[in-house]
Amino acid sequence: MREGNQSLVTEFILLGFSNLHEFQVILFMLFLVVYLITLIGNSLLVLVSTVDPSLQSPMYFFLRSLSLMDIGYTTVIIPKMLTNLLSKDKSISFGGCAAQMFLAFFFGPSECWILTTMAYDRQAAICDPLRYSLIMNRRFCLQLSLASWLAGIPVATVKTTLMFTLTFCGPNVINHFFCDSPPVLDLVCTDTFAVEIYSVTATVMVLMLPFGVIVVSYIRILVTILKMSSAEGRRKAFSTCSSHLVVVSLFFGAAGSTYFRVKASYSPETKKLLSLSYSVFTPMLNPLIYSLRNQEVKGALKRILGRKISSQDL
């Protein structure tokens, strides 16, 4: 037998939610609705924040990037999951699994850093309002957004290369709904110490470092808000951060719980639920959170719908 993992394992089986075989159609409908809401909600948020003149601030510029990342992240994961729920053939090729892992680790870190950028934007707006337009100028915003998009490339490249140059000699059943790192690593039959060390290091760089920057930003924001003499000013300042805080808590909480435990005590079903929360449900909730709690977005939606109705009446 030739050496190399492709001569040993040529495809994987994504077990997904096969243990809930009597609920496959119900799960398919649920995740299909979630995916459609994610696509429609994030696409609508991108459209509204692009065409409405009142939503051209840096905050909405970064929000557009977040929405595009959410669309990409869910598209990497959910369509294959939907197919597997209704199909007896739950296989994914060796290359397909590697591609799915690469894209997941591209969008994941990018989303971490765009959320960090949004925290920095709120810090600049609240802590240094007089210089805000100078600090968050168009060129700097473009640089921050581009850096966030590019942040996932080295992580995805190194992670996927390390993982798929290991030896997989069977079984080839991945007890997960997509090719995520921890369940794939469970199938490796050679020493995984180097990959696990890199996984912990990457998790610190991808999750803890951005989260640390977010915490520092919000400490500065909190100190500034507490120094405000006006209760109305404090309320308005906090309201501009509340949606972002909710999204950060959902995303970093579930992702951190998953990737800081590479081969740890969580059961496979618990890991699936944690993965669902940050990779499937959070991208659906993001546009809802930012729209329902944001008067500017709701106002922009009403103006766009009003213009659309008026044009049809003409």
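In total, 23 residues line the largest cavity. Select Phe105, Pro109, Val206, Leu207 and Tyr259, which lie nearest its centre.

Next, colour by element. Helix 3 (94-127), helix 6 (152-164), helix 7 (181-185), helix 8 (193-227) and helix 9 (231-259) each give two or more residues to this lining. Helix 8 gives the most, with six residues.

The volume of the largest cavity is about 250 Å³. The count of cavities of 30 Å³ or more comes to four.

Move to the largest nonpolar core. It has 88 residues. Which of them touch the most other members? Select Phe12, Phe31, Phe164, Phe168 and Val184. Helix 3 gives the most to this core, with 15 residues.

Stay on Val184 and show what surrounds it. Beyond its neighbours within four places in sequence, Val184 is in contact with Cys97, Met101, Met163, Phe164, Phe168, Ile174 and Cys179. Two of these, Phe164 and Phe168, are also on the list of residues that touch the most other core members.

Finish by colouring on pLDDT. The protein's mean is 86, and 91% of its residues reach 70 or more. Last stop: residues 1-7, where pLDDT stays under 50. The model has 10 contacts beyond four places in sequence for residues 1-7. Where pLDDT is low, predicted coordinates should not be read in detail.

Technical notes: Residues numbered from 1 in each chain as written. Predicted model: local features only at pLDDT ≥ 70, side-chain atom pairs only at ≥ 80, totals over all residues. Heavy atoms only, no water. 1 Å grid on protein atoms, 1.4 Å probe; cavity = no way out; pocket = protein on both sides within 12 Å on 5 of 7 lines; lining within 4 Å. Points joined across faces, edges and corners; volume = space filled by probe spheres on them. Helix = DSSP H or I, 4+ residues; strand = E, 2+ residues; numbered from the N terminus. pLDDT = per-residue confidence, 0-100. Contact = heavy atoms within 4.5 Å. Core = buried A, V, L, I, M, F, W, Y, C linked by side-chain atoms within 4.5 Å. Buried < 20%, exposed > 50% of the residue type's maximum accessible area, 1.4 Å probe, protein only.
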